[in-house]
Amino acid sequence: MYVKICGLQTAETVATAIGAGANAVGFVFAPGSPRTITAELVRELGQAVPTDVETVGVFRNQPIEQVLEIARAAALTTVQLHGNETLADMEQARDAGFRTLRAFSAAAYAALSPADKLAWESERILLDAVEPGAGVAFDVSLLDGGAPAGFWLLAGGLNPSNVAELAVALRPDGVDVSSGVESSRGVKDGGLIKAFVAAARSTV
Ligand SMILES: O=C(O)c1ccccc1N[C@@H]1O[C@H](COP(=O)(O)O)[C@@H](O)[C@H]1O
């Protein structure tokens with residue numbers, strides 16, 4: 001079970017996530033979030049991240065050139081595109097040397113045509129609620145028509161208490177959390193991070 005802890009802002013919480021065994025640590029560059037961070041700070045925090053842990057930048061409807069400029073400045077391994085980004089944007093990011101994740105709301109993914117689902121099949125997909133980073137879960141019946149065929153992450157309203165049950169029910173390749181490991185909006189809690197990783201890993 002791949003586990004990503006998102007919205008980190010301090011060296012302490014990055015160390016806690018890594019110590020707990022997270023596969024990826026996430027940093028938010030999308031404007032308007034209480035978790036936004038600078039590229040300079042992420043570059044500094046990234047120096048303590050082992051090479052087998054992804055450093056993921058979260059972007060939303062920002063021009064791909066700007067995404068890549070920030071990703072280079074922050075020395076990210078991975079860009080997570082959370083808006084209306086296209087397959088061409090994903091390819092451009094990979095051509096620039098970054099791994100990619102494409103987030104869809106579960107509702108938007110469910111509404112894709114079979115041809116569009118096929119077109120996105122080789123991408124690493126993240127399924128989330130309509131409002132990302134708000135700690136809100138999506139209606140799991142939206143996946144009655146099928147989850148992505150390739151690698152996909154479940155996100156949206158996960159926390160240490162519900163992650164195991166949802167992971168068993170929906171069988172994603174991994175999970176991603178932000179609000180569910182916070183003591184208040186935007187403030188990460190080390191105990192919750194450890195509990196989340198342990199609960200997610202208890203499913204495999
Ligand atoms: O965290 C944010 O503020 C954010 C802002 C803009 C786009 C994505 C954002 N976060 C992503 O939201 C999901 C899950 O969030 P939550 O656990 O429900 O709070 C996750 O993929 C984050 O990367």
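Trainee: Which residues does the UniProt domain annotation cover?
Mentor: Residues 3–198, according to an unreviewed UniProt entry, which gives "domain: N-(5'phosphoribosyl) anthranilate isomerase (PRAI)". Such annotations may be inferred rather than shown by experiment, and their positions follow the numbering used here. That numbering starts from 1 along each chain as its sequence is written. Also, this is a predicted model: local features need pLDDT of at least 70, side-chain atom pairs count only at pLDDT 80 or more, and totals for chains, interfaces and linings use all residues.

Trainee: How far apart are the end C-alpha atoms of that span?
Mentor: They lie 10 Å apart, and residues 3–198 are 34% helix and 21% strand. Helices (H or I, at least four residues) and strands (E, at least two) are DSSP runs, numbered from the N terminus.

Trainee: And what do the strands form?
Mentor: A closed barrel of eight, β1-β2-β3-β4-β5-β6-β7-β8, paired in parallel. Pairing takes at least two DSSP bridges between two strands. From one strand to the next, the twist averages 25 degrees, with axes fitted to C-alpha atoms and angles running from 0 to 180 degrees between N-to-C directions.

Trainee: How many bridges join β5 to β6?
Mentor: Four. In one of them, S105 partners D128 of β6.
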